[in-house]
Amino acid sequence: MRTKSFLALISLLAFSGTAFADLEPYKDYDVSDAVWSVSTIRVDPNMGDAYLEGIERTWVASNEVSKKLGHIESYSIFRSISPQSGDFNLLLVVKFANTEDLAPNKERYDAFMKEMGEATSNEATEYSQKNYPAMRTITGEYLMREVTLK
């Protein structure tokens, strides 16, 4: 009987500890309005520099236009220093001011196409479709917000 009581007490303490650990949004932490789009990429061995050269012509070029137009706040590329380190070895990150900036918008699209140019956009699409499948695999796509604990 003592063993059952002891186990019940341990179980009660374990589960009540979990309840006390719950944080409350806006009281215990804030969540950013900004949203980061994070793509995890698995670049094939010996293709890292070729892939970077390609995304400079495509992904970076289009993000530069988006940044100039105020459609995004920033973008970054993170490369693992251990290329064989898991499911991905490259991160492509784009920061948007809020989720509204992720929504389809004809005005933003028209402004982007005018600035980027249809020929350049088509060239980037053709290059991407032809070359990227032989260099990399997209392993994940995430939309994330920053959490700041108080």
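Predicted model: local features only at pLDDT ≥ 70, side-chain atom pairs only at ≥ 80, totals over all residues.

Reader: What makes the pair of tyrosine 51 and tyrosine 132 a pair, and what is its geometry called?

Author: Centres have to lie within 6.5 Å, and the two rings have theirs 5.1 Å apart. Planes over 60 degrees apart count as edge-to-face; here they are at 65°, so that is the label.

Reader: Which parts of the chain does that pair tie together?

Author: Tyrosine 51 belongs to helix H2 (residues 48-68), while tyrosine 132 is in the loop between helix H4 (118-131) and strand S5 (136-144), so the pair joins parts 81 residues apart in sequence. Tyrosine 51 and tyrosine 132 are both buried.

Reader: And why is the pair of tryptophan 59 and tyrosine 75 called edge-to-face?

Author: The angle between the planes is 90°, and the label needs over 60. The centre-to-centre distance is 5.6 Å, against a limit of 6.5 Å. Tryptophan 59 lies in helix H2 and tyrosine 75 in strand S3 (residues 74-79), so parts 16 residues apart in sequence are tied together.

Reader: How do you know that the charged end of arginine 57 sits over the ring of tyrosine 127?

Author: The charged end is 4.2 Å from the ring centre, and the cut-off is within 6 Å, along with a limit of 35 degrees from the ring normal. Tyr127 also belongs to a cluster with Tyr51 and Tyr132, linked by ring pairs.

How values were computed:
Residues numbered from 1 in each chain as written. Heavy atoms only, no water. Phe/Tyr/Trp six-rings, centres within 6.5 Å; stacked < 30°, edge-to-face > 60°. Helix = DSSP H or I, 4+ residues; strand = E, 2+ residues; numbered from the N terminus. Buried < 20%, exposed > 50% of the residue type's maximum accessible area, 1.4 Å probe, protein only.
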